[in-house]
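Please read it alongside the coordinates.

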Amino acid sequence: MQIGVISDTHSNLDNASRAAEILREHQVEAVIHCGDIGSPIIVHEFTEWPTHFVFGNVDHDEALLRHAIRDAGLTCHDRFGEIELQGRKIAFLHSDNRTKFDKTIASGKYDLVCYGHTHHAESHMEGNTLVLNPGALHRANPHQLAIVDLETMSVQHHVLYPEE
């Protein structure tokens with residue numbers, strides 16, 4: 001099973017649409033959004049997958065976003081998400097609360113911890129936990145997302161526009 005991980009859309013509809021195209025091309029089965037959604041218009045770009053959202057530090061109208069996510073039939077986890085897919089325990093948060101972020105990783109409870117906020121793509125292992133930032137879909141160079149193969153726990157970062 002492959003999942004898409006995105007973050008920091010900041011209401012950038014063009015980049016969210018391009019990200020959805022890439023996720024579709026790679027036939028992901030679920031999507032995780034690590035916060036700073038920005039606007040309800042972003043939510044509708046990801047309705048073809050079970051998509052899980054958390055809020056970031058600039059998601060100022062959480063009630064409006066929560067309503068849009070639920071109306072679209074998707075899942076809102078507020079500031080911290082925790083799911084299990086293909087036997088893998090996954091946590092996701094924005095990481096602007098550094099204490100919560102560090103404790104989540106240090107707990108050792110998760111196979112995968114996804115985060116946003118830094119607008120910088122990276123992945124590394126801490127113990128048995130894969131820690132992943134997919135990059136950002138706004139205010140980043142290049143704009144990126146990640147696809148994770150949950151069977152192998154391998155990560156591929158994808159640039160939205162290869163010319164970047």
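In what order do the six strands of the open sheet lie, and what is the pairing?

1. The model is predicted. Its open sheet has the strand order β4-β3-β2-β1-β10-β11, with mixed pairing. At the edges are β4 (75-76) and β11 (154-159), each of which pairs on one side only.

2. Helix α1, spanning residues 13-25, packs on this sheet and touches β1, β2, β10 (144-149) and β11. The direction of α1 makes about 25° with that of β10.

3. Within the sheet, strands β1 (residues 2-6) and β2 (residues 30-33) run parallel and are joined by four bridges. Ile6 stands opposite His33 in β2.

4. Most peptide bonds are trans, and most residues other than glycine have a negative phi. The bond from Asn141 to Pro142, however, is cis, with omega near 5°. Pro142 belongs to the loop between β9 (129-133) and β10.

5. His117, although not a glycine, has a positive phi of about 85°. His119 is likewise not a glycine and has a positive phi of about 60°.

6. Are these histidines buried or exposed? His119 has a relative accessibility of 18% and therefore counts as buried, the cut-off being under 20%. His117, with a relative accessible area of 31%, is partly exposed, because that class lies between the buried limit and the exposed limit of over 50%.

Key: Residues numbered from 1 in each chain as written. Predicted model: local features only at pLDDT ≥ 70, side-chain atom pairs only at ≥ 80, totals over all residues. Heavy atoms only, no water. Pairing = 2+ DSSP bridges. Helix = DSSP H or I, 4+ residues; strand = E, 2+ residues; numbered from the N terminus. Contact = heavy atoms within 4.5 Å. Axes fitted to C-alpha atoms, helices over the stretch in contact; angles between N-to-C directions. Buried < 20%, exposed > 50% of the residue type's maximum accessible area, 1.4 Å probe, protein only.
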